[in-house]
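Here is a friendly tour of a protein chain, meant to be read with the structure open beside it. Take a moment to turn the model around before reading on.

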Amino acid sequence: LHCTRPLCLGRRRLSSDAHMRVRTPFRCSPHPCEYEIAFVSDVEGDLDYFNRWVAGSRCVAYTGSDEAALTLTHARAYFVYGGDVPDHGRGSEQLLRLLVGLKRAFPRRVALLVGNRDLNKLRLTSECAPSDLARPHWSIPAPHWDPSAPTLSQHLEQVAAARGGGATAASCDCAAERLRWMYENTLGCPATFEARRAELAALRSVGSATGDNGGGGGGGGGGGGGGGGGGGGGGG
């Protein structure tokens with residue numbers, strides 16, 4: 001196993017747009033069989049960065065000029081994604097679709113590893129469930145791993161104060177505000193809600209995605225609307 005070009009350490013991400021060559025001897029041939037493995041990690045929704053990586057890859061390419069699907073470039077090409085698909089950029093859902101589509105097209109030659117930013121979105125499957133959304137906002141505690149983080153009630157009181165006009169914490173309590181609170185205070189990605197809203201608006205070809213129940217800011221890698229409270233695993 002050797003690297004044809006060195007691994008590149010970038011800010012917040014480890015990637016190699018060159019590829020690993022694996023030489024595996026076979027009994028039926030005196031010559032080794034060569035494979036190329038492309039690797040990238042921690043794109044975190046930055047689709048422009050990912051597009052630049054694809055442009056320099058020998059193993060992975062877009063199937064057309066619309067950049068709607070990926071393919072492997074030759075029969076001995078393999079691809080490994082090292083984890084952390086969503087959060088900071090405005091391309092989380094598009095990146096997820098590209099990676100899952102490539103995995104479905106080449107299930108034995110593509111490996112998608114799970115990072116902390118992918119894994120912690122599994123919380124949304126329970127905290128966005130109707131039963132959890134029905135919990136009173138005042139019963140949901142702050143995240144235990146961050147003593148400085150506000151409770152959901154405190155977050156809603158801040159939202160009500162900003163809205164004015166007699167708004168209260170109860171009147172501001174909706175799925176979207178619960179999700180915003182989760183992203184900002186329990187998942188370590190305070191910019192994700194607005195980035196996700198912008199991405200959904202672009203994908204739906206509308207001026208802006210709304211911030212009310214289920215309208216905007218669904219979880220990259222997880223479900224849509226908002227989540228209840230300071231339960232499971234910590235930030236990114």
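## The whole chain

This is a predicted model, in which local features need pLDDT of at least 70, side-chain atom pairs count only at pLDDT 80 or more, and totals for chains, interfaces and linings use all residues. Residues are numbered from 1 along each chain as its sequence is written, and side-chain values use heavy atoms, with hydrogens and water left out.

The chain has 9 helices and 8 strands. Helices here are DSSP runs of H or I with at least four residues, strands are DSSP runs of E with at least two, and both are numbered from the N terminus. Of the 236 residues in the chain, 44% are buried. Buried means under 20% relative accessible area, exposed means over 50%, and partly exposed lies in between (1.4 Å probe, protein chains only). Now think of contacts between residues at least 6 apart in sequence: 61% of them join residues at least 24 apart. A contact means heavy atoms within 4.5 Å.

Strand β7 covers residues 77-81. Ala77, Phe79 and Tyr81 form its covered face, while Tyr78 and Val80 form the uncovered one. Strand β7 runs parallel to strand β8 (residues 110-112), and 3 bridges join the two. Strands count as paired if DSSP finds at least two bridges between them. Within this pairing, valine 80 stands opposite alanine 111 of β8.

Together with helix α2 (residues 92-105), strands β7 and β8 make a right-handed β-α-β unit. Right-handed means that, with the strands pointing away from the viewer, the path from the first strand over the helix to the second runs clockwise.

## Helices that pack together

| Helix pair | Axis distance | Angle |
|---|---|---|
| α6 and α8 | 10 Å | about 115° |
| α8 and α9 | within 8 Å | roughly 130° |
| α2 and α9 | within 8 Å | roughly 65° |

To put words to such angles, under 35 degrees counts as roughly parallel, over 145 as roughly antiparallel, 65 to 115 as roughly perpendicular and the rest as oblique.

Helix α6 spans residues 152-163 and helix α8 spans residues 175-185. These two are roughly perpendicular to each other. On the α6 side, Leu152, His155, Leu156, Val159 and Arg163 take part, and they meet Glu177, Arg178, Arg180, Trp181, Glu184 and Asn185 in α8.

Helix α9 covers residues 192-203, and its axis crosses that of α8. The two helices α8 and α9 are oblique to each other. Their contact is made by Ala176, Leu179, Arg180 and Tyr183 of α8 with Thr192, Phe193, Glu194 and Arg197 of α9.

Helix α9 also crosses α2, with an angle of roughly 65°. That makes α2 roughly perpendicular to α9. Here Ser92, Glu93 and Gln94 in α2 meet Arg196, Glu199, Leu200 and Leu203 in α9.

## Residues in the loops

Where is proline 190 found? Proline 190 lies in the loop between α8 and α9. Proline 190 is exposed, with a relative accessible area of 54%. Its C-alpha atom is 8.1 Å from that of arginine 180, a residue 10 places away along the chain. Leaving aside neighbours within four places in sequence, proline 190 is in contact with Tyr183 and Glu184.

Threonine 151 sits in the loop between α5 (130-133) and α6, and is partly exposed at 22% relative accessibility. Not counting residues up to four places away in sequence, threonine 151 touches Ile140, Pro141, Ala142 and Trp181. Threonine 151 and isoleucine 140 are 11 residues apart in sequence and 7.0 Å apart in space, C-alpha to C-alpha.

Next come two backbone angles. Most residues other than glycine have a negative phi. Aspartate 42, in the loop between β4 (33-40) and α1, has a positive phi near 55°. Glutamate 67 also has a positive phi, near 55°. Glutamate 67 belongs to the loop between β5 (60-62) and β6 (70-72), and counts as partly exposed at 38% relative accessibility.

Aspartate 48 lies in helix α1 (residues 47-55). Is aspartate 48 buried or exposed? Aspartate 48 is exposed, with a relative accessible area of 54%. Aspartate 48 and glycine 91 are 43 residues apart in sequence, with 8.4 Å between their C-alpha atoms.

How values were computed. Axes fitted to C-alpha atoms, helices over the stretch in contact; angles between N-to-C directions.
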